[in-house]
Amino acid sequence: MIPLRDTQHYLRPGIIELTWGHPDLALFPTAELAHAATLALTRTDRAALCYGADQGPGSLIAQLCAWLARHEAHAPQPDQVFIAGGLSQGLDLLCTLYTSAGDPILVDAPTYHLALRVFRDHRLDLTPVAGDEEGLLPDALADLLSGLRRQGRVPRFLYLVPNFCNPTGATLSLSRRQAVAALAQEFDLMILEDDVYRHLWYDAPPPPPLSDLAPAHVIRLGSFSKLLAPGLRVGWLIAAPEIVERCARCGLMDSGGGISHFAGHVVAAFMELGLLDAHVEKLRAAYRSRRDLFCAALARELPPDCRWQTPAGGFFVWVRLPHGMDSAALLPDAEAAGVSYVPGTRFYADRQSSSHMRLAFTLLPPEELVEGARRLGAVLKTATA
Ligand SMILES: Cc1ncc(COP(=O)(O)O)c(C=O)c1O
């Protein structure tokens, strides 16, 4: 039986959970969201409580387009935006509308493990595309696409997280983006660009999205989950108008109206009040200092032959263990020592490679991060002794 809980994450007494890739609850802008909710609820047209427009609230789409225009080189037009119930629901909807069971899709490896779960729900045939510390390898993608073409198979999608990837923290370089975009055009491949961490950069903004490089071949997905609060369940996808129209005209919207409609109105009001930029800036400062503190603690505490790269944004550090160590096998010892993480196997479509562990540094306060690194270091040193 599933235990009744109020939130998805749970903190076990005595265990420092480096597991959860969630925002810090203390950083939720609760007072500002209350103000925005009041504004949304007291508008004379009562729009926030009606069945929603199928594409999502027009006010939110207008605010989002204006916000992206201020922060990115190419802003979408309103007919290129569909409001989803978080990025996850957008992904699921695209699978519902554009795939059938058994269709091949390509996923970067490693990649966001819960996107793999969504794809598995749709019984898609997942093929991993190899990557390295700079993300997906275009040559590996080219080989796979040629191989599939020889078999007469056409992948429905390539899914990847090009910025501050979950789990690796890696960011795809501009030259690799250009190569991937060129391959998408050559092979008529549709890319699902999961861009959930783009605006949470700590050193410098990432390179332009793939959607700028091959607009007809990219559906770019974003979310307010990390920028505001995941409980709102408000995300978006940016795509060609016919794809947006297909999403908006599906049966689910026709029957129920736009997804997360009330929360979408609250987010629109929050943006209308001009609160988003300052909030994102605050998140960047808080998470940047946690990243720095946590990476310094890892450098002090982990055995010297552990390897990781400092993420330039996002939520995660991806640690490679010394040769022969298995992060899945080590987890019970780590939890017995009061620290937890997600083993690397979870992030591979073929469940390969347990040589890594994913550590999240955003949910917990600084002192717990430091203590978590200390406990992890002690476990790893015992295991290597
Ligand atoms: C790469 C990636 N995509 C999507 C999500 C989930 O997004 P949402 O909360 O908008 O469904 C997450 C959350 O951890 C994530 O890391």
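This is a predicted model: local features need pLDDT of at least 70, side-chain atom pairs count only at pLDDT 80 or more; totals for chains, interfaces and linings use all residues.
A pocket, as I use the word, is an open set of points on a 1 Å grid over the protein atoms alone, with protein on both sides within 12 Å along at least five of seven lines. A cavity is a set of points where a 1.4 Å probe fits but cannot get out. Lining residues have an atom within 4 Å of a point.

Residues are numbered from 1 along each chain as its sequence is written, and side-chain values use heavy atoms, with hydrogens and water left out.

I start with the largest pocket. Its volume is about 1100 Å³, where a volume is the space filled by probe spheres set on the points, and grid points are joined across faces, edges and corners. The lining has 44 residues, and nearest the centre lie Gln8, Trp20, His22, Tyr112 and Leu114. Helices H3 (86-98), H4 (113-121) and H12 (327-336) and strand E12 (342-343) are the elements that give two or more residues to this lining. Helices here are DSSP runs of H or I with at least four residues, strands are runs of E with at least two, and both are numbered from the N terminus. H4 gives the most, six residues.

Where does the largest pocket lie? Domain 1 (16-28 + 277-384) and domain 2 (30-275) both give residues to its lining, so the pocket lies between them. The domain bounds come from an automatic or database domain assignment.

By class, this lining has 20 nonpolar, 14 polar and 10 charged residues. Ala, Val, Leu, Ile, Met, Phe, Trp, Tyr, Cys and Pro count as nonpolar, Asp, Glu, Lys and Arg as charged, and the others, Gly among them, as polar.

Next, the second largest pocket, at about 420 Å³. Of its 25 lining residues, Asp132, Glu133, Thr168, Trp318 and His356 lie nearest the centre. Strands E3 (104-109), E4 (125-132), E5 (135-136) and E10 (316-320) each supply at least two residues of the lining. Domain 1 and domain 2 each contribute at least three.

Last, cavities. How many of 30 Å³ or more does a search of the whole structure find? One. The largest cavity holds about 60 Å³ of space. Among its 13 lining residues, Asp195, His199, Arg220, Gly222 and Trp236 lie nearest the centre. Strand E8 (218-223) gives the most to this lining, with four residues.
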